[in-house]
Amino acid sequence: MLTAAVPKIDILINNLGIYESKDFSDDDWRRFFEINVLSGIRLSRHYLPDMLARNWGRIIFISSESGVLVPPNMIHYGMTKTAQLTISRGLAATNKGTRVTVNTVMPGTTRSAGIEDFMRSVASDPNLSADAMESEYFAKERPRSLIQRMIEPEEIANLVAYVASPLSAATNGAALRVDGGITPTIV
């Protein structure tokens with residue numbers, strides 16, 4: 001078990017997650033909640049007390065723009081990403097007045113190992129080239145994206161590195177977007 005092998009840490013990035021575009025059953029809801037939500041809760045619950053005792057630490061949840069703009073074909077996924085936003089904000093309130101922060105990073109559609117298969121599953125023609133499939137996906141599924149392309153993992157990593165660093169000491173309880181501008185500004 002991870003917590004036995006690594007009992008104390010300074011920075012926890014809760015990045016485990018799965019997604020699918022499909023009709024969903026009760027078993028799917030349970031599986032998504034277990035993997036996408038409870039895994040981060042369990043790790044946070046383990047590591048947070050030591051961070052508080054040392055008065056320094058970072059917990060970062062990698063959520064998604066789907067936590068705010070829930071895709072109709074992935075409601076079960078969107079629910080888990082909304083839950084991460086709530087958990088992060090709630091945990092941040094438990095460390096009020098400390099140097100421990102809890103934040104959420106909300107990526108948009110990111111270039112990753114499984115994304116081409118996902119885009120192929122919703123494409124008008126599964127034989128489209130990768131570039132044509134990406135263009136069609138953003139035109140049909142993500143027309144609100146301001147960058148109209150997939151986000152590169154390094155672009156997300158840059159924000160996560162900042163949030164994990166001492167430079168972000170005043171950023172706590174925040175939901176930070178790196179979503180290509182798809183999520184509207186909430187005032």
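**Loops, a helix and its rings**

A: Asn-55 counts as partly exposed because its relative accessible area is 34%, where buried means under 20%, exposed over 50% and partly exposed in between (1.4 Å probe, protein chains only). This is a predicted model, with local features needing pLDDT of at least 70, side-chain atom pairs 80 or more, and totals for chains, interfaces and linings using all residues. Numbering starts from 1 along each chain as its sequence is written, and side-chain values use heavy atoms, leaving out hydrogens and water.

Back to Asn-55: this residue sits in the loop between α2 and β2 (DSSP runs numbered from the N terminus: helices H or I, at least four residues; strands E, at least two). The phi of Asn-55 is near 60°, positive even though the residue isn't glycine. Gln-148 is another non-glycine with a positive phi, about 50°. You'll find Gln-148 in the loop between α5 (130-140) and α6 (153-164), and its 35% relative accessibility makes it partly exposed. Val-70 belongs to the loop between β2 (57-62) and α3 (75-94), and is partly exposed because its relative accessibility is 37%.

Rings of Phe, Tyr and Trp (its six-membered ring) pair if their centres lie within 6.5 Å; planes under 30 degrees apart are stacked, over 60 edge-to-face, the rest tilted. By that rule there are four aromatic pairs. One of them is Tyr-19 with Phe-118, edge-to-face at 5.5 Å centre to centre and 80° between the planes. That pair bridges distant parts of the chain, 99 residues apart: Tyr-19 is in the loop between β1 (11-14) and α2, and Phe-118 is in helix α4 (residues 115-122). Tyr-19 is partly exposed because its relative accessibility is 30%, whereas Phe-118, at 11%, counts as buried. Then there's Tyr-137 with Phe-138: ring centres 5.4 Å apart and planes at 85°, so this pair is edge-to-face. Both Tyr-137 and Phe-138 are buried.
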